[in-house]
Amino acid sequence: MSGMPIRFLVALWLSVTSLSAVAGTADDDLRVAAMAHRGGETGRAVAIWQDWAAKGNVDAAYNLAVIHQYGDGVPLDYAVAMRWYRQAAEQGDKVSQMQIGLMYQIGQGVAADEAEAHRWFTMNRKHHLHHEHEPQMVAWRQQALALIEERDRREQVAASRASSALVVAELRRRAGMDAGRPTETAVLEAATTIR
């Protein structure tokens, strides 16, 4: 009986360590693939990426799409690039969704289709439109607008003051009132607010 808990603990420890080793494998393999690709071993990198893409890894699918879209170590093939981008995009990868939109917009590997491009560009935005009218979002938008308007007013006042000072100085110079004296202009303190 006493051997049973020890066996259980050993089995539990082995399963936990093997799970942690598997969890880090995708990142490690993708790093190895990237280094192999940079080193000119694209075939090795593609094999690693294809293995992980088949397991549903978004980064591997995206990497395969990029190298096929640009012919980076593999033959240029927009159809293959689109297939890999779609795999990543269908799992929620926003960059892949944008790339698909761009490919539809310029007709790269597919017929140019503005409506389809727009659909891919706005895919995530439409998903979150239900938040647009929530009270907190409305309040944030109003606060941001007030801050922008205040900044614009301050910039306009500063530009107007600078312009006015230049006009007054030029008029004094023309009138001959600038007999070597520095021109004095009124300056508001920084704490003064304009209404």
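I started with rings: those of Phe, Tyr and Trp (its six-membered ring) pair if their centres lie within 6.5 Å, with planes under 30 degrees apart called stacked, over 60 edge-to-face and the rest tilted. By that rule I got one aromatic pair in the structure.

Ground rules before going on. I am looking at a predicted model, where local features need pLDDT of at least 70, side-chain atom pairs count only at pLDDT 80 or more, and totals for chains, interfaces and linings use all residues. Residues are numbered from 1 along each chain as its sequence is written, and side-chain values use heavy atoms, with hydrogens and water left out.

Charges over rings next. I count one if NZ of Lys or CZ of Arg is within 6 Å of the ring centre and within 35 degrees of the ring normal. Lys-55 lies over the face of Trp-52, 4.2 Å from the ring centre. Arg-83 sits over the face of Trp-84, at 4.7 Å from the ring centre.

Then the helices, which are DSSP runs (H or I, at least four residues) numbered from the N terminus. Axes are lines fitted to C-alpha atoms over the stretch in contact, and angles run from 0 to 180 degrees between N-to-C directions.

H2 (residues 42–54) and H3 (residues 58–70) have axes that come within 8 Å and cross at roughly 140°. H2 and H3 are therefore oblique to each other; the scheme is under 35 degrees roughly parallel, over 145 roughly antiparallel, 65 to 115 roughly perpendicular, the rest oblique. Contact (heavy atoms within 4.5 Å) involves Val-46 and Trp-49 of H2 and Leu-64 and Ile-67 of H3, among others. I noted eight nonpolar, three polar and no charged residues there. For those classes, Ala, Val, Leu, Ile, Met, Phe, Trp, Tyr, Cys and Pro are nonpolar, Asp, Glu, Lys and Arg charged, and the others, Gly among them, polar.

The axes of H3 and H4 (residues 78–89) also come within 8 Å, crossing at roughly 160°. That makes H3 roughly antiparallel to H4. Residues in contact include Tyr-62 and His-68 of H3 and Trp-84 of H4.

Last, H4 and H5 (residues 94–106) pack at about 145°, axes 8 Å apart. Among the residues that meet are Met-82 and Arg-86 in H4 and Ile-100 and Met-103 in H5. This contact has nine nonpolar, three polar and one charged residues.

Methods: Helix = DSSP H or I, 4+ residues; strand = E, 2+ residues; numbered from the N terminus.
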